[in-house]
Amino acid sequence: MPDHSFPGQKVGDYTVTAISDGYLTASLGLLLNIERDEASGIQQRSGLDDHSPMHINSFLVRGNGHVALVDSGAGGVRQWGGNLKASLPLVGIQPSDVDTILLTHAHPDHIGGLVDATGRALFPNAEVVVHEREVGFWQDDANLARANERARGNFQIARAALGAYADRLRRITGGDALPGISTVPLRGHTEGHTGYLIGSAGTGLLFWGDTVHFPSIQVKRPDASVTLDNDPISAAEARTRVFKMVSSEHLLVAGAHLNERGFARVVRRNGSYSIAAKS
């Protein structure tokens, strides 16, 4: 039987369950365009310190005849996360039950869980959906040649994970990813960074990937990007568009690096945004 302690939401024809893959460590030093003291102050007023661990959330989406995941967590890559595989049976799902994996992008903490310790596909029956630009970026040898040592490791992880699903890789450029789940372009964090929207204004939910890494800080200061962004300016522009969209249309959001509950709402008041966790 499913373990109902996992946070869940009913959205349209789908039931969405947040499953934490665990944590990674990240410093406020990753932030751009904001002074460290200001960032630290915002973090502390939110009940966090400068070295609070960053959550890694994946989302199980069931409905319309599909069992899907949005991202797969880190899977233990770089000693990050790794809890998703053990948690799936607790919500009544085996890896073989998953038929679709919707990738927001191909950073290690989102695709590391696609493969097991031997590099084999962990989800034997799943089609992997990912934006065409995302695949193209990680497969481009010129991009690899320009990368620093850490980024080259990201290329290796992305190529291995995507390669394990080479015959089940659906490259998209827009439109619907699954019935009732549409794509939302979020380019900036990566070349093909993509959100997924279920439903519509008032009742919908947006999986926004890495729109934020430090929620309390970046919701208050949308112009603050991170060094992990491929294009920090475009990432900030995408973040501002998303905040306007989800606040004006009263959409629930689901994010990889929100708190362990996984869901939140963004509210605009007096010209600024705030975020509140949704249980």
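**Notebook: charges, cores and rings**

I began with Asp167, which is exposed at a relative accessible area of 67%. My scale is this: buried is under 20% relative accessible area, exposed is over 50%, and partly exposed is in between, with a 1.4 Å probe and protein chains only. The model is predicted, so local features need pLDDT of at least 70 and side-chain atom pairs count only at pLDDT 80 or more, while totals for chains, interfaces and linings use all residues. Residues are numbered from 1 along each chain as its sequence is written, and side-chain values use heavy atoms, with hydrogens and water left out.

**Entry: salt bridges**

I looked up the partner of Asp167. Asp167 forms a salt bridge with Arg168, with the closest N and O atoms 3.8 Å apart. I count a salt bridge when a side-chain nitrogen of Lys or Arg is within 4 Å of a carboxyl oxygen of Asp or Glu. The search of the whole structure returned 8 of them.

Next I took Arg170. Its salt bridge partner is Glu127, with the closest N and O atoms 3.0 Å apart. Arg170 sits in strand β7 (residues 169-172) and Glu127 in strand β6, so the pair ties together parts that are 43 residues apart in sequence. Helices (H or I, at least four residues) and strands (E, at least two) are DSSP runs, numbered from the N terminus. Arg170 is partly exposed, at 25% relative accessibility. Glu127 is partly exposed too, at 29%.

Then Asp141. Its side chain meets that of Arg159 in a salt bridge, 2.9 Å from N to O. This pair links distant parts of the chain: Asp141 is in helix α5 (residues 141-146) and Arg159 in helix α6, 18 residues apart. Asp141 is exposed at 52%, whereas Arg159 is partly exposed at 29%. I also noted a network of salt bridges that links Glu38, Arg221 and Asp223.

**Entry: Asp210**

Asp210 is buried yet has no salt bridge, and the nearest side chain of opposite charge, Arg239, is 9.5 Å away. In this count Lys and Arg are positive, Asp and Glu are negative, and His and the chain ends are left out.

Asp210 lies in the loop between β11 (205-207) and α7 (215-220). Its side chain makes a polar contact with the side chain of His213, at 3.1 Å. A polar contact is a pair of N or O atoms within 3.5 Å; within protein, one must be able to donate a hydrogen and the other to accept it, and residues adjacent in sequence count only if both atoms are side-chain atoms. I then listed contacts, meaning heavy atoms within 4.5 Å. Setting aside neighbours within four places in sequence, Asp210 touches His105, Asp109, His110, His189, His193, Ala256 and His257.

**Entry: nonpolar cores**

A nonpolar core is a set of buried Ala, Val, Leu, Ile, Met, Phe, Trp, Tyr and Cys residues joined through side-chain atoms within 4.5 Å. The largest one has 33 residues, of which Leu69, Val98, Ile101, Leu103, Ile111, Leu114 and Phe123 touch the most other members. β4 (66-70), β6 (127-131), α4 (132-139) and α6 (149-163) each supply at least two residues of this core. The most come from α6, which gives 5 residues. Apart from this core lies another, of 21 residues, including Ala68, Leu102, Ile198 and Ala254.

I checked Leu69 itself. Beyond neighbours within four places in sequence, Leu69 is in contact with Phe59, Leu60, Leu84, Leu88, Val98, Thr100, Ile101, Leu102 and Phe123.

**Entry: Ala106**

Ala106 is in the loop between β5 (100-102) and α3 (108-111). Buried or exposed? Ala106 is buried, at 0% relative accessible area. Not counting residues up to four places away in sequence, Ala106 touches Ile111, Glu134, Trp138 and Ala158.

**Entry: aromatic rings**

I searched the whole structure and got 7 aromatic pairs. Among them, Trp208 and Phe243 form a tilted pair, 5.8 Å centre to centre with 50° between the planes. Trp208 is in the loop between β11 and α7 and Phe243 is in helix α8 (residues 232-248), so placed 35 residues apart, and the pair links distant parts of the chain. Rings of Phe, Tyr and Trp (its six-membered ring) pair if their centres lie within 6.5 Å; planes under 30 degrees apart are stacked, over 60 edge-to-face, and the rest tilted. Both Trp208 and Phe243 are buried. Phe59, Phe207 and Phe263 are linked into a cluster by ring pairs.

**Entry: positive phi**

Gln79 has phi near 65°, a positive value in a residue other than glycine. Gln79 lies in the loop between β4 and α2 (84-87) and is exposed at 78%. Asn270, also not a glycine, has a positive phi of about 55°. Asn270 is in the loop between β13 (263-269) and β14 (272-278) and is exposed at 78%.
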